[in-house]
Amino acid sequence: MKKKQNIGFTLIELLCVLVILALLAIIVGRSIVRSVNEAKTDLTETQEKSILNAAEKWSLDHTSEFDDIEGVINQVGLDVVFILDVSGSMTSTVRNVNGVSMTRNQAVAEATNDSIVALYKGNINTRIGVVLFGNSGKDFLPLDKYERMSTYYLRYIAPTSGSYGTLESGRLVALKDGAVYEKNYKYDGSGTELTNGMLIAQQKFMDQTLEEPRIPVVIILTDGDDFRPSTAIKTIKEGRSVIETKYKSTMYVYTIGFGISNGSKAALTLNPTPEAIQYAIDHNTSAKTLAEELQATGENYDYADGSFIGAMDANALRELFLQISDEVVKATKITQVCVTIDELKDGGYLSKDAKINEELAKSTYVLMSENAATNQYGFSIAKTEEQKQQCRDLIAAKEERENETSNLNP
């Protein structure tokens, strides 16, 4: 008689099956959790993109908000060198706003003084230097930050005899080493060699120790044709490249032709754009030979970020210097503005039905920034407590100013 076979599972077999099922459960469970988390992440990223897109639309309709001084943060320091013509023709006279005659030397000294004041006021982290040029160049003030111990940085002293006067600095203390400067330069009626002035300015920049990012700027003023215009042009072009490499930053070059006429060699020296070169050739101006020489090199000499040429009185010159100062200060600034997510909804920039997860809802604010130099905007959601407090402060300051304005204009 045959025995019945036991067709059940042994204990060991059952345990093996349970282990396999447990492992499968862990693997599947992890996969499900991962999928849920990824779905949550994707949803959060999508919501963030919607909020930031809404903020970008809001910024386009509220550009004036970025002019608010409360949100301005100085980004980098400025190194500004004034390169000023002290040739004999600078004794020519112009009139000031009151119709009183003064020499070009005096008008330039006063405009430069006001410009330095504006630069320090606009960006406390500014260093200034002054270079003079005639037949030769003179390093008048080293590139540094100065504490003014008198009522002026620069001023012109009229001559007691003879045709020329004196450029004088106030009593200035260099903050880098405490050196005291009280300098003066007697105008001697020499010629015009811009190359010499630019080379000294270039060396000023190259001698700097850059412990932090800074923006280099030169402001060049002359009132006549240069003795070696093609050399001056090449020196400025090459100097800009070398200085930008040193600073790892864009350099700003401004040129002013005080009383200079368009089409002249002096005008072309200050602003040798391809259009200006072609104009001189086509219209057979006094700068034609120079223009042909530049064109033959095949190089681009368009180095001026701003060039101002023509007749101007002392007041127009002063306003021009202040305009340039304002532009370069602006180049160092980032303006920050905050807007609430509720405000984006109320303004129709973000759907009121938009679902915002709890984490984003707690953020409340969108922090926006504008780089004034590049007109580029940045957008981010304020997630850290520091960012949120920054937004609360900015919004509170804005509301305070609006209340003050309301009180002034009931």
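Reader: What are the ground rules?

Author: This is a predicted model, in which local features need pLDDT of at least 70, side-chain atom pairs count only at pLDDT 80 or more, and totals for chains, interfaces and linings use all residues. Residues are numbered from 1 along each chain as its sequence is written, and side-chain values use heavy atoms, with hydrogens and water left out.

Reader: How many helices and strands are in the protein chain?

Author: The protein chain has 11 helices and 18 strands.

Reader: What about contacts across the sequence?

Author: Taking contacts between residues at least 6 apart in sequence, 73% join residues at least 24 apart. A contact is heavy atoms within 4.5 Å.

Reader: OK, sheets. What is the strand order in the sheet of six?

Author: The order is E6-E5-E2-E13-E14-E15, in an open sheet with mixed pairing. Two strands pair if DSSP finds at least two bridges between them.

Reader: Which strands stand at the edges?

Author: Strand E6 (137-144) and strand E15 (306-310) do, each with a single partner strand, so one side of each has no neighbour in the sheet. On average, neighbouring strands are turned by 10° against each other, direction ignored. Angles run from 0 to 180 degrees between N-to-C directions, and axes are lines fitted to C-alpha atoms, for helices over the stretch in contact.

Reader: Where does E5 sit in terms of pairing?

Author: Strand E5 (residues 126-133) runs parallel to strand E2 (residues 77-85), joined by eight bridges. Phe-82 has Val-130 of E5 as its bridge partner, and Ile-83 has Val-131. E5 also pairs with E6 in the antiparallel sense over five bridges, where Val-131 stands opposite Asp-139. E5 and E6 form a hairpin with three residues between them.

Reader: Is E5 buried or exposed?

Author: Eight of its eight residues are buried, so E5 is largely enclosed by the rest of the structure. Thr-126, Ile-128, Val-130 and Leu-132 are buried on one side, and Arg-127, Gly-129, Val-131 and Phe-133 are buried on the other. In a regular strand the side chains alternate between the two faces of the sheet.

Reader: Which strands does H4 touch?

Author: H4 packs on the sheet and touches E2, E5, E6, strand E13 (214-222) and strand E14 (252-258), with its direction at about 160° to that of E13. Helix H8 (residues 314-330) packs on the sheet too, touching E2, E13, E14 and E15, and its direction makes about 175° with that of E14.

Reader: How do H3 and H4 pack?

Author: Helix H3 (residues 194-206) and helix H4 (residues 229-247) have axes 9 Å apart and an angle of about 5°. That makes H3 roughly parallel to H4; angles under 35 degrees count as roughly parallel, over 145 as roughly antiparallel, 65 to 115 as roughly perpendicular and the rest as oblique. The contact includes Leu-194, Met-198 and Phe-205 of H3 and Ile-236, Arg-240 and Tyr-247 of H4.

Reader: Next, the nonpolar cores. Which residues in the largest one touch the most other members?

Author: That core has 48 residues, and Phe-82, Leu-141, Val-217, Ile-219, Leu-221, Ile-256 and Leu-317 touch the most other members. A nonpolar core is a set of buried Ala, Val, Leu, Ile, Met, Phe, Trp, Tyr and Cys residues joined through side-chain atoms within 4.5 Å. Apart from it lies another core of 33 residues, including Val-218 and Ile-243.

Reader: Changing topic: where is Thr-285?

Author: Thr-285 is in the loop between helix H6 (274-282) and helix H7 (288-297). Thr-285 counts as buried because its relative accessibility is 17%. Leaving out residues up to four places away in sequence, Thr-285 touches Gly-263, Tyr-279 and Ala-280.

Reader: And Glu-370, buried or exposed?

Author: Glu-370 is buried, with a relative accessible area of 10%, and lies in strand E17 (residues 365-371).

Methods. Helices (H or I, at least four residues) and strands (E, at least two) are DSSP runs, numbered from the N terminus. Buried means under 20% relative accessible area, exposed over 50%, partly exposed in between (1.4 Å probe, protein chains only).
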